[in-house]
Amino acid sequence: MITRFWAETATALATLLFGLVIVYGALEFGTGWDSSGPQPGAFPFYTGALVALASLGTLVVTLAQRLRGAAIVNEVFLDRERAGRVLSFFAPLLAFVVITAFAGMYVATIAYLLYAMRFQGGYGWLVSIASAVGAAFVFYVVFERFFQIGLLKGPIERMLGY
């Protein structure tokens, strides 16, 4: 069981670290102004600084609530039931990424949408299959044909000559 205090603290520390890494990386490109305007690192620097400051603020508020004894920080954030719901959302997304790496974007899209619609959404097989294949077809037309941006292909697309 994870309380809200620990969830907020961990999130604040993670986003604080993320913001500081962005700030550090932006320093490499310059953060000031030159004769042509802002240097390349200016926007990332200020964005990273804003993320870091907001995270620090969240951390301070969370610690202050804990010291005051506020009941809200002791609320259950994640228990077994909630973790199951999170896992039921995250596991198919992870499978989508793995399938994409091995079978390509179109196969992964069809598999993910078919699973999500049929087993999580409770739609019938015909609607689920038609929607999944239709979405992959729309992705193909929009990205491959219209914008001419190739999406990741797998062995099936290569066998079909795409």
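## Overall shape

A compact globule of 162 residues would come in with a radius of gyration near 15 Å, yet this chain has 23 Å. Bear in mind that we're looking at a predicted model. Laid along its principal axes, the C-alpha trace spans about 60 × 55 × 20 Å.

As for burial, 25% of the 162 residues in the chain count as buried. Take the contacts with a separation of 6 or more: residues 24 or more positions apart account for 50% of them.

## What the chain is built from

The chain has six helices and four strands. Read from the N terminus on, the elements go β-α-β-β-α-β-α-α-α-α.

## Helices α1 and α2

Start with the pair formed by α1 (residues 4-27) and α2 (residues 42-68): these helices pack at an angle of about 155°, and their axes are 7 Å apart. Angles over 145 degrees count as roughly antiparallel, so α1 is roughly antiparallel to α2. The crossing of these two helices is left-handed.

## The loop at Gln39

Between β3 (37-38) and α2 there's a loop, and Gln39 lies in it. Is Gln39 buried or partly exposed? With a relative accessible area of 26%, Gln39 is partly exposed, because buried would mean under 20%.

Setting aside neighbours within four places in sequence, Gln39 is in contact with Phe29, Gly30, Thr31, Gly32, Trp33 and Asp34. Arg85 is another story: this residue is 46 residues from Gln39 along the chain, and their C-alpha atoms are separated by 45 Å.

## Helices α4 and α5

Further along, the axes of α4 (residues 105-120) and α5 (residues 125-146) come within 8 Å and cross at roughly 150°. That makes α4 roughly antiparallel to α5. Here the crossing is right-handed, whereas α1 and α2 cross in a left-handed way.

Which residues of α4 and α5 meet? From α4, the list is Tyr106, Thr109, Ile110, Leu113, Leu114, Met117, Arg118 and Phe119. On the α5 side, their partners include Trp125, Val127, Ile129, Ala132, Val133, Phe139, Tyr140 and Glu144. Sorted by type, the residues of this α4 and α5 contact come out as 15 nonpolar, three polar and two charged.

Terms used
Residues numbered from 1 in each chain as written. Predicted model: local features only at pLDDT ≥ 70, side-chain atom pairs only at ≥ 80, totals over all residues. Heavy atoms only, no water. Axes fitted to C-alpha atoms, helices over the stretch in contact; angles between N-to-C directions. Parallel < 35°, antiparallel > 145°, perpendicular 65-115°, else oblique. Left-handed = near helix turned anticlockwise from the far one by under 90°. Contact = heavy atoms within 4.5 Å. Nonpolar A, V, L, I, M, F, W, Y, C, P; charged D, E, K, R; others polar. Rg over C-alpha atoms; globule rule 2.2 N^0.38 Å. Buried < 20%, exposed > 50% of the residue type's maximum accessible area, 1.4 Å probe, protein only.
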